[in-house]
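Open the model in your viewer and keep the selection tool ready. This tour goes from strands to helices.

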Amino acid sequence: MAHYTLRCVECGQIYDDSDKGFLLDCPENHGPSMLQADYSVPGFEPVETAKGFYRYQHWLPIRRTFARAPKTVVFQSDAFCDRLGLENLYFAFNGYWPEREGGMPTCSFKELEAASVLARIPKGEERTIVVSSAGNTGRAFLEYASQFKINTMVVVPEFALPQMWTTVPKADCVKLVVLKDADYFDAIQLANHICELEPFFAEGGAKNVARRDGMGTVILAAAEAMKTIPHHYFQAVGSGTGAIAAWEMAWRLMADGIYGQWLPRLHLSQSESFTILADAWAAQSRDLPEIPEDEARAAALKAYSPVLSNRKPSYSLTGGLFDAMSECAGLFYVPTDEQARKAGELFQELEGIDLDKAAQVCLASLFIAKENGALGEDHAILVNLTGGGAERAHADGIVIPATPDYVFTKAQDNLDDIRKVLGL
Ligand SMILES: [Zn+2]
């Protein structure tokens, strides 16, 4: 018996994950819904001796832990507190920052996802897990799967190839697949088709509870440092998974009660060139706006931050982003590219480390929220800087570029050609 069960948010049915293996969806016949994990340890009990985010293993749907684990750095910046006139402002930095023991050398919070999902796979699983990514997730899976020798295939659109690198040598059991002239959604589609073949199985994206609860540990690390559940939580979103994860984890903390009994208000952001989530929320609609595919594809390709340009985010389904935002009366921001760039420059100047573009968008939204009067001087505020330190990692020479093992054209996205290219 595992230390958790899975519960369907729509119908309430409960499943034993050890029975079903790697359950991603409720088998009942109803509309799309999240499964959530219920843990047998209901209280917040960090494991002091565990590495990195495995400290929160009682609230992770995992079957084992690894010798290496990512760690979120939570800190208060005097410079930003002064500048914004906020007493209780904290940053959660997820990336590479040697001076602060920033324990995510692949420079994004997707390491929390990879190290959690891979630890959910039972020991002795011989099949290959397939992950699609627009960049950061793929890099994190390449890194951790290589370190721990877990059969993994990462599928990315060609534009993401420059971001495919590791800090440990890529293992033979880890394969990188590149899809030419494609966007993220095309890569997801190819990955889905690959999963129809033996010996592959789908990682599942936002529907994988390990992915969400891994990322949700940012809230736990923050609550420990801040000694409170934050009143406000800032994050830039693409699929919305990280924000859903924060919301779900805040629920568990609230039920425990030691750090307060409230949920944070979600303050989410997208860059001005791609605003599908911001638009749906502005219209107070559970449905995403209908955008012609060509138009969406073109907008995604020129977005300030490609990871914020997911055309099919986890918004409408039960337990998805619309529900999370509704429950906390969340707010959406659309900083201009210029505002994002300036926020990034300011952070580099005051704190001495680079932020990735998604984190720049998020930081810019903090300034807008302050201007709009959405933040009280003494409110506990958490800004989730979801990626940073890549420039520094390159300068420090820790980066090993990954070369593709297989290259697909979109015309080859069919089972016959997939078999041929992969040599099955
Ligand atoms: Zn159900």
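Select strand β9 (residues 152-157) and β11: the two pair in the parallel sense over six bridges. Strands here are DSSP runs (E, at least two residues), numbered from the N terminus, and two strands pair if DSSP finds at least two bridges between them. Click Met153, which stands opposite Lys175 in β11.

A word on the model. It is predicted: local features need pLDDT of at least 70, side-chain atom pairs count only at pLDDT 80 or more, and totals for chains, interfaces and linings use all residues. Residues are numbered from 1 along each chain as its sequence is written.

Next, select strand β18 (residues 406-408). Three bridges join β18 to β11, and the two run parallel. Val407 of β18 is the bridge partner of Val178.

Stay on β11 (residues 174-179). Six of its six residues are buried, so β11 is largely enclosed by the rest of the structure. Buried means that 20 or more other C-beta atoms, placed from the backbone, lie within 10 Å of the residue's own. Val174, Leu176 and Val178 cover one side, and Lys175, Val177 and Leu179 the other.

Now select helix α3 (residues 110-120) and helix α6 (residues 209-226). Their axes come within 8 Å and cross at roughly 135°. That makes α3 oblique to α6. Axes are lines fitted to C-alpha atoms over the stretch in contact, with angles from 0 to 180 degrees between N-to-C directions. Helices are DSSP runs too (H or I, at least four residues).

Notes:
A residue is buried if 20 or more other C-beta atoms lie within 10 Å of its own, exposed if 12 or fewer, and partly exposed in between; C-beta atoms are placed from the backbone. Angles under 35 degrees count as roughly parallel, over 145 as roughly antiparallel, 65 to 115 as roughly perpendicular and the rest as oblique.
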